[in-house]
Amino acid sequence: MTEQSLLRRRMDGSYTVDEWGLDTDLVQLLSPALALRWQVVVEGEDALPESGPALLVFNRRFGWSEPFVVSRGIRQATGRYVRVTGAPDVAPVGPGLRRLGAVLARPDEVGGLLRSDQLVAVALRASPRHRQLAGTAPPALLAPALVTGAPVFPVAVTGREIGRRWRLVIGPPVEPPTSRGPLAAEELGDRVRAGVQTLLDDAFPPSRFRS
Amino acid sequence: MRVLVTGMGGEIGTRVANLIEADDRVDDILGVDIDPPRRRLRRAEFHRVDPRDRRKLVRIIRDFQPTAVVHLGVYEPNARCGPALARELTHQCTVTALGAAAESPDLDRIVVRSGIEVYGRGRGAPTRPDESIAPEPTSPYGRSLLEMENMAREAGVVANAAVTALRCAPIVGPHMASPLGRLLRLPVVPVAPLSDLPFSLLHERDAAAAFVNGLECGFDGAVNVVAPGAVTPMQAARIGGRAVLPTVGPSWLFARVFTELLGAPLPAHVRELLMRGRTADGSFAEKTIGMAPQHATPEVVKDLYEWATVTYLRGAEEAAA
């Protein structure tokens with residue numbers, strides 16, 4: 001779709017916004033500007049399903065680039081939009097991010113998206129003391145994947161906050177937990193965190209990761 | 001089956017009555033409302049009665065002894081009456097009609113019109129709640145609906161009847177008395193430029209079909225009925241070719257006065273929709289009442305703006321010539 005037709009759709013209101021707020025036309029319009037800030041190389045995208053739900057769990061440090069890198073990288077590689085959790089519910093930042101695909105970090109929000117066959121991305125919680133570690137997984141946000149049966153993929157993200165070049169490595173889906181009940185989400189969190197850590201250790205030299 | 005339809009004078013009430021009339025399994029239909037029906041009724045018996053006239057309403061319903069109730073006597077603020085009267089009429093109609101119907105020995109199902117306003121749109125609230133989310137209304141209309149749902153459940157327990165609470169998205173259509181519909185039809189529509197969050201709607205025909213399906217299925221519980229898709233207030237105004245009035249903070253007070261002067265008052269739940277959006281997960285409806293809305297939300301908005309071409313009837317002399 002050309003930029004002219006995208007602009008015409010904005011004038012006559014015929015663009016689409018989904019129930020969570022994603023405006024795909026706006027993402028396409030902003031794509032050239034986002035390309036100036038983030039150049040993303042993606043590996044392992046073949047592991048992701050072409051359709052149907054999936055939960056992606058990625059590492060995050062203390063910058064703001066990782067959610068944009070994950071959503072942009074996967075959209076470029078697979079054509080699918082990723083709904084990254086963590087948008088604040090405060091205007092104008094929250095509604096603005098929701099237009100680009102972000103959603104609130106709520107289990108019911110993640111569950112609803114997975115039931116609607118969407119790709120959802122959840123960030124690991126980074127630790128300031130152990131920068132070389134992937135972080136800890138939020139079990140409450142992973143639990144909907146157990147309920148819906150969606151596959152869970154570890155994703156390693158690396159790059160410098162002041163640079164343009166970022167790398168995204170998508171690992172194979174983690175095995176479902178053997179536990180049942182509340183322990184299952186904890187076990188799933190441990191497995192996916194270990195998956196992200198393995199990807200980081202395999203793909204990037206430790207010295208480079210710490211830099 | 002003997003069906004009592006409260007609120008039969010509204011657009012949805014009359015449509016529901018017309019649909020039930022076509023069903024041979026329904027033996028008798030009784031309608032009550034403060035306003036007369038919108039269209040001709042073939043089989044239904046209608047009583048024009050003020051819900052506040054408790055003695056008369058109770059007598060009519062006791063005499064009828066319904067086996068099923070479709071409770072549409074729920075008055076949206078600034079749709080057919082002001083907010084205070086709407087709240088009072090909703091309360092009185094629910095207490096009296098459902099209370100009297102619960103005394104009927106053969107009552108086995110109650111279907112009530114609720115709305116997704118019961119979920120509220122507080123800070124951090126889910127943007128697309130399903131039926132498992134506990135209602136936390138944040139507008140007077142939402143609180144009124146939740147109170148009505150609770151009273152219906154109480155009546156259901158007394159009568160040992162299934163209570164289906166259909167939580168409808170804002171019902172809009174060319175013939176529907178709706179404060180949101182009136183607002184979107186203004187030449188200038190106030191919008192919140194810093195948020196402009198999506199909302200979902202429900203077409204008046206889909207709403208009527210949902211109530212009839214709910215009556216047939218007799219499901220016990222709450223069900224969201226929401227058209228697929230969503231639009232934002234700015235987008236809706238653009239679809240209708242309307243100008244937008246960017247409104248922030250205290251300027252909403254000015255917008256309220258402005259829209260009221262133009263004949264489209266802005267009640268709290270509509271203001272909340274414009275500022276915080278309003279959607280819900282309607283996927284449960286297909287499993288429980290076997291109903292999926294036929295009109296997507298953008299289609300509902302387009303239908304709202306499509307006015308039939310005015311055709312002037314020729315005078316008698318001209319026709320005779």
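The following legends describe close-up views of a predicted two-chain model.

In this predicted model, local features need pLDDT of at least 70 and side-chain atom pairs count only at pLDDT 80 or more, while totals for chains, interfaces and linings use all residues. Residues are numbered from 1 along each chain as its sequence is written, and chains are lettered from A and ligands numbered from 1 in the order in which they are written.

**View 1. The contact between chain A and chain B.** Chain B contributes 23 residues and chain A 18 residues, two residues being in contact if their C-beta atoms, placed from the backbone, lie within 7 Å. On the side of chain B that touches chain A, 9 residues are nonpolar, 8 polar and 6 charged. Here Ala, Val, Leu, Ile, Met, Phe, Trp, Tyr, Cys and Pro count as nonpolar, Asp, Glu, Lys and Arg as charged, and the others, Gly among them, as polar.

View 2. Thr127(B) is found in the loop between β5 (109–115) and α4 of chain B. Thr127(B) is buried, with 29 other C-beta atoms within 10 Å; a residue is buried if 20 or more such atoms lie within 10 Å of its own C-beta, exposed if 12 or fewer, and partly exposed in between, with C-beta atoms placed from the backbone. Leaving aside residues up to four places away in sequence, Thr127(B) touches Trp20(A), Leu104(A) and Glu109(A), as well as Gly277(B) and Thr279(B). Asp281(B) lies 154 residues from Thr127(B) in sequence, yet their C-alpha atoms are 9.3 Å apart.

**View 3. Helix α9 of chain B.** Helices (H or I, at least four residues) and strands (E, at least two) are DSSP runs, numbered from the N terminus. Helix α9 (residues 268–276) of chain B is mostly covered, with 8 of its 9 residues buried. Among the buried residues are His269(B), Arg271(B) and Leu274(B). The buried residues of α9(B) pack against α4 (140–159), α5 (179–184), β8 (188–191), α7 (233–239) and α8 (251–261) of chain B.

**View 4. The crossing of α1 and α6 in chain B.** The axes of α1(B) (residues 11–21) and α6(B) (residues 204–217) come within 9 Å and cross at roughly 55°. Axes are lines fitted to C-alpha atoms, for helices over the stretch in contact, and angles run from 0 to 180 degrees between N-to-C directions. The two helices α1(B) and α6(B) are therefore oblique to each other, given that angles under 35 degrees count as roughly parallel, over 145 as roughly antiparallel, 65 to 115 as roughly perpendicular and the rest as oblique. Residues of α1(B) in this contact include Ile12(B), Val16(B) and Leu19(B), and those of α6(B) include Ala208(B) and Phe211(B). By class, the contact of α1(B) with α6(B) has 8 nonpolar, no polar and 3 charged residues.

**View 5. The open sheet of chain A.** In chain A, 6 strands form an open sheet of mixed pairing in the order β1-β6-β5-β2-β4-β3; two strands pair if DSSP finds at least two bridges between them. The edge strands β1 (39–43) and β3 (82–84) of chain A each pair on one side only. Strands β2 (residues 54–58) and β5 (residues 152–159) of chain A run parallel and are joined by 4 bridges. Within β5(A), Pro154(A) stands opposite Val57(A).
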